[in-house]
Structures are given as C-alpha cells and as structure tokens.
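Below are my notes on the model you sent, as numbered points.

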Amino acid sequence: MGGTIPRARVEDDAPRLEPMLDLEWSRAIELPQAAMTAVTPAELRRAWVHRAPEDRVLALFRASAGMAGPVPAPWWLRAVADGTLDSREQGFRVEDRIAQLLGRRPGWEFVPWAADGESGYWEFMPSERGKSGHAIPTTVMNTDRHPGWIDVLPAHSGATPDPIAIAGLAGLRSRLGELEAVR
C-alpha cells in the first residue's frame, strides 16, 4: 500500500453547509395529512407559515422567492409581501368571513386540497353536472390580484375562463344569487 494517508481535516477545511431554500420553503408551507379533511380555511392553518412569527415567514418567503422566481405561497402572504395587505391576520379574517357566508348556504363546499401553499377554495356543487351540464362547478377563491381579495371562476366545461374579480365580501354577497342560479 504505497498510497499516502490523507491529512486530517482542520477547521478551515470543514465543509460548509448552507440551507437549501427550496427545501426549507417547501417544509414551511407543508400541511399535515390531517389538514386534508378541513371544512374551513381556519382548520387548514397548520403549516409553519400560519404559526411562525410573521416577520420570519415574510423573510423566508422573500429569500426563497428571490432565488428562482415565484414560489408557491398563500395568497395573503404574496399580498403582505407586496404591501397591499397589512397582515396575515387580515388575510385570515377575509378567509373566515367568506367561510361564514358560504358555509351556511346549501350547495357550497370547502375544498382544502388547493395548489401547494394555497388556502383552499369553495365550490358550488349544484353548478356541476346539473341542467347546464358543466363539468367544473362555480368556484370562489382568494387572490392577491386585486384588493377585493376574491375571484370567481364561473361553472364551465372545457377551457378555464378568466376569473371574475369580486369587490370583497359585500360584492360576493350581492352576487350570490347570480352565482347560485347556474345549476
């Protein structure tokens, strides 16, 4: 064995480990499996982004988003980061008020398995496969696209239509008759 023995590592040679932001962010938005049975957005708020100090959540979001473009995130976090929503709690109130309105109405169901990081959405089940024959029901979801924070996708078949911007909870309440008329 004529080989040389490698020298021992010294402090300066130690490998440097840096956090992998993609993995860290993925874990930050990860929901426990039990959250998939949530019937309201409040029951879905079990990830780190919902519980950790808001300034730490915002810092990690900004660092993660700065690495490789947009990352999956709740609508309210994108709005807080953009400065169009004051706080995470304000976003939670928007979600909870929609839940109070739609949760009491027949035909509306909360769907917790939205895209990664998102807060779920509401579907009006009578608009799916009813007389109108639509394959996809009317859907109400939160958005950071506009300060009303609510978008509606009309019941449809085929290509997804452009979302309709709704002017907040009052706007949603005023249009429920129109939305629920599609069956």
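1. This is a predicted model. D96 has a relative accessible area of 25% and is therefore partly exposed, since the buried class ends under 20% and the exposed class begins over 50%.

2. D96 forms a salt bridge with R45, at 2.7 Å from N to O. The pair joins distant parts of the chain, with D96 in helix 6 and R45 in the loop between helix 2 and helix 3, 51 residues apart.

3. R45 also meets the side chain of E95 in a salt bridge, at 2.9 Å from N to O. E95 is buried at 2% relative accessible area, and R45 counts as buried at 15%.

4. The structure holds 7 salt bridges. Another one of them pairs E180 with R105 (2.8 Å, N to O). It links helix 7, where E180 sits, to the loop between helix 6 and strand 1, where R105 sits, 75 residues apart. E180 is buried at 12% relative accessibility, while R105 is partly exposed at 31%.

5. The axes of helix 5 and helix 6 come within 9 Å and cross at roughly 140 degrees, which makes helix 5 oblique to helix 6. The crossing is right-handed. Helix 5 contributes W75, W76 and V80 to the contact, and helix 6 contributes R88, G91, F92, V94 and E95. These residues divide into 5 nonpolar, 1 polar and 2 charged.

6. P106 is in the loop between helix 6 and strand 1 and counts as exposed, at 68% relative accessibility. Its C-alpha is 9.2 Å from that of M125, 19 residues away in sequence.

How values were computed
Residues are numbered from 1 along each chain as its sequence is written. This is a predicted model: local features need pLDDT of at least 70, side-chain atom pairs count only at pLDDT 80 or more; totals for chains, interfaces and linings use all residues. Side-chain values use heavy atoms; hydrogens and water are left out. Helices (H or I, at least four residues) and strands (E, at least two) are DSSP runs, numbered from the N terminus. Buried means under 20% relative accessible area, exposed over 50%, partly exposed in between (1.4 Å probe, protein chains only). Axes are lines fitted to C-alpha atoms, for helices over the stretch in contact, and angles run from 0 to 180 degrees between N-to-C directions. Angles under 35 degrees count as roughly parallel, over 145 as roughly antiparallel, 65 to 115 as roughly perpendicular and the rest as oblique. A crossing is left-handed if the near helix is turned anticlockwise from the far one by less than a right angle, and right-handed if clockwise. Contact means heavy atoms within 4.5 Å. Ala, Val, Leu, Ile, Met, Phe, Trp, Tyr, Cys and Pro count as nonpolar, Asp, Glu, Lys and Arg as charged, and the others, Gly among them, as polar. A salt bridge is a side-chain nitrogen of Lys or Arg within 4 Å of a carboxyl oxygen of Asp or Glu.
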